[in-house]
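Here are a few exercises to work through with the model open in your viewer. Have a go at each one before you read the solution.

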Amino acid sequence: MRSPEYPETIRQAMLALGRESIEHGLETGAPLLRSDPPRESALAETRTTFVTLRQAGELRGCMGALEATSSLAESVARNAFQSAFEDPRFPPLPSRALVELDIEISVLSALEPMTVDSEADLLLDLQPLIDGLVLEAGPYRSTFLPKVWEQLPDPGEFVYALKRKAGLPGEYWSRDIRVYRYHTETFAESDYQLLQS
């Protein structure tokens, strides 16, 4: 088990920022992006995130980026807004749903290229519940966060579904496929509600 990178105070600050950005989006139609640097130095670091929203335990939105181009604070605020209002799988979040919303944040490590000669090599090298995976083949690209292992615990099923998500046949393999792994530190508002109850 990897040691947490962020203390609880920083995790809670990120979750609060995500919720504030969604509330700001409901009022203004835009994410909460401040020009002044965050008070906490960790939130000023250049990192990237995915923000997942759940309503009554069901997925309600998930948006993020694989490459870090902004501060952690900006990444959280922007991705929380996009998850609530711009995920193409869902209609924009109505204000009445805010009280039922559980926000989950995954902070990503840098992408690590994997050298594999075959799909069999890849399956042997994967670390279930630990590795997030990016698969690229020409214009096709997709990713699964490590959390997806909870629904697809078999490496073969995990990679098959990732290829389908990218728009490729599930049996597809080519020497031109590029694969990257990454890790996440993931936490949700519900983690703290459970601790406080």
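**Exercise 1.** Which residues does Ser70 touch, not counting residues up to four places away in sequence?

*Solution.* Keep in mind that this is a predicted model. Start by placing the residue: Ser70 sits in the loop between strand E2 (58–64) and helix H2 (72–85). Next, leave out residues up to four places away in sequence; Ser70 then touches Glu45, Thr46, Arg47 and Ser75. Last, check burial. Buried means under 20% relative accessible area, and Ser70 has 15% relative accessibility, so it counts as buried.

**Exercise 2.** Work out the strand order of the sheet that contains E2, and say which strands stand at its edges.

*Solution.* Follow the pairings across and you get E2-E1-E3-E8, an open sheet of four strands with antiparallel pairing. Now look at the ends: E2 and strand E8 (184–188) each have a single partner strand, so one side of each is left without a neighbour in the sheet. Ignoring direction, neighbouring strands here are turned by 15° against each other on average. Zoom in on E1 and E3, and you'll find eight bridges joining them. Arg54 makes a handy landmark, standing opposite Asp102 in E3.

**Exercise 3.** Which strands do H1 and H2 lie across?

*Solution.* Take H1 to begin with: it lies across E1, E3 and E8, at about 125° to E3. Then H2, which lies across E1, E2 and E3 and runs at about 35° to E1.

**Exercise 4.** In the largest nonpolar core, which residues touch the most other members?

*Solution.* The core has 29 residues, and Met14, Ile22, Leu93 and Ile105 touch the most other members. Sort by element: helix H1 (8–28), strand E1 (48–55), H2 and strand E3 (101–108) each supply at least two residues. H2 gives the most, with eight. For a close-up, pick Ile22: beyond its neighbours within four places in sequence, its contacts include Leu53, Phe81, Leu93 and Ile103. Another core, of 18 residues, lies apart from this one, and Leu133, Trp149, Val159 and Val179 are among its members.

**Exercise 5.** What is the strand order of the open sheet that includes E4?

*Solution.* Reading across gives E4-E7-E5-E6, four strands with antiparallel pairing. Strand E4 (112–114) and strand E6 (140–144) are the edges, each pairing on one side only. The twist averages 25° from one strand to the next. Inside the sheet, E5 (residues 132–137) and E7 (residues 178–182) pair over five bridges, and Glu136 has Arg178 in E7 as its bridge partner.

Conventions
Residues are numbered from 1 along each chain as its sequence is written. This is a predicted model: local features need pLDDT of at least 70, side-chain atom pairs count only at pLDDT 80 or more; totals for chains, interfaces and linings use all residues. Side-chain values use heavy atoms; hydrogens and water are left out. Buried means under 20% relative accessible area, exposed over 50%, partly exposed in between (1.4 Å probe, protein chains only). Contact means heavy atoms within 4.5 Å. Two strands pair if DSSP finds at least two bridges between them. Axes are lines fitted to C-alpha atoms, for helices over the stretch in contact, and angles run from 0 to 180 degrees between N-to-C directions. A nonpolar core is a set of buried Ala, Val, Leu, Ile, Met, Phe, Trp, Tyr and Cys residues joined through side-chain atoms within 4.5 Å.
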